[in-house]
Amino acid sequence: MKLIFAGASTDDCLLAIREICASRPEIICPPALNLVVDQLSALSNFETAEIFLLEYGINKEDYYSIFRQLISKVLMSKMPEGCHKTIETSYQNYMFYPKLYQLFPEAEFIFFLRDGRDVVASELKRKNELNPEAMQTEEVRDCAIKWLNSIGTGLNGIVEIKSLGAIANVIKYEDLCNPSLNKSIISSISNSKENIAVDLDSKQHTNQWRAVFNQEHIKVLRDELDEALEQMGYLKNSPW
């Protein structure tokens, strides 16, 4: 049984992969429990954590051994017949790729990218759903910087663990939503001989930002995101 840790700068990406996995009996994608993220976050300050754990006679390595057993039990027990991969989709997994690789060196890792403009649009649409005209330029800037920080962490984590020998890949959300492209992505994840595309209606998932932002917002986004979007190839298919 193979375990895959998927992370993303936004949960929208992982909603798509859960939808895809629902049609693939060889992959199970349980609801995101944030169990991995919560436990590793709690132990991010190792000095404090070790003092606390030692009071109960547990050293850090013992805790990680217990943690590994717990995660394996939760994610990989009672698997349906014919299923050979489990994808853990708590989106903030990307914050802990190096530690996850240390704990699960046999696992695979995926980081999903999405156009930062759509990420910001999605987040602010939810936040300002009742009054979209109240969206402030500083909100747009803050969300744009948040996206830059998250992809920096995720991509750096992928580079680090790949240098250590991990099987780790970066997949664009837009490719996942494109039936002409996602059939090869899905097959590579599932190791299935079937080459089946899944239609997620890419028009509903891409270029949403054009209908959300005014020119002032777009100027802020361009100031913050232009270089990163250019490097990732997003401006080729979706210029400003």
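**Figure 1. Strand 1 is a mostly covered strand of the predicted model.** Six of the seven residues of strand 1 (residues 2–8) are buried. Strand 1 pairs in the parallel sense with strand 3 (residues 85–88) over four bridges, and in the parallel sense with strand 4 (residues 108–113) over five bridges. In strand 3, Lys-85 is the bridge partner of Lys-2 and Ile-87 is the bridge partner of Ile-4. In strand 4, Phe-112 is the bridge partner of Ala-8.

**Figure 2. A salt bridge joins Glu-108 and Lys-85.** The closest N and O atoms of Glu-108 and Lys-85 are 3.5 Å apart. The pair links distant parts of the chain, with Glu-108 in strand 4 and Lys-85 in strand 3, 23 residues apart. Both Glu-108 and Lys-85 are buried.

**Figure 3. Helix 1 is largely enclosed by the rest of the structure.** This description applies because eight of the 11 residues of helix 1 (residues 11–21) are buried. Among them are the charged residues Asp-12 and Arg-18, together with Cys-13, Leu-14, Ala-16 and Ile-17.

**Figure 4. The largest nonpolar core contains 46 residues.** Phe-104, Phe-109 and Phe-213 touch the most other members of this core. Helix 7 (residues 137–163) gives the most to the core, with seven residues. A second, separate core of 18 residues includes Ile-4, Ala-8, Cys-13 and Cys-21. Leaving aside residues up to four places away in sequence, Phe-104 touches Leu-3, Phe-5, Phe-67, Arg-68, Ile-71, Ser-72 and Phe-109.

**Figure 5. Glu-174 is buried yet has no salt bridge.** Glu-174 is found in helix 8 (residues 173–176). The nearest side chain of opposite charge, that of Arg-114, is 4.8 Å away, whereas a salt bridge requires a separation within 4 Å. The side chain of Glu-174 does reach the backbone nitrogen of Asp-115 at 2.9 Å, and it makes a polar contact of 2.8 Å with the side chain of Tyr-234. Not counting residues up to four places away in sequence, Glu-174 touches Leu-113, Arg-114, Asp-115, Thr-206 and Tyr-234.

**Figure 6. Asp-118 is also buried without a salt bridge.** Asp-118 is found in helix 6 (residues 116–127). Its nearest side chain of opposite charge is that of Arg-114, 4.6 Å away. A polar atom of the Asp-118 side chain lies 2.9 Å from the backbone nitrogen of Trp-209.

Figure 7. The side chains of Glu-224 and Arg-141 meet in a salt bridge of 2.9 Å, N to O. Lys-219 forms a salt bridge with Asp-223, the closest N and O atoms being 3.3 Å apart. Salt bridges that share partners join Glu-138, Arg-141 and Glu-224 into one network. A search of the whole structure finds eight salt bridges.

Methods
Residues numbered from 1 in each chain as written. Predicted model: local features only at pLDDT ≥ 70, side-chain atom pairs only at ≥ 80, totals over all residues. Heavy atoms only, no water. Helix = DSSP H or I, 4+ residues; strand = E, 2+ residues; numbered from the N terminus. Buried < 20%, exposed > 50% of the residue type's maximum accessible area, 1.4 Å probe, protein only. Polar contact = N/O pair within 3.5 Å; in protein donor to acceptor, adjacent residues only side chain to side chain. Contact = heavy atoms within 4.5 Å. Pairing = 2+ DSSP bridges. Core = buried A, V, L, I, M, F, W, Y, C linked by side-chain atoms within 4.5 Å.
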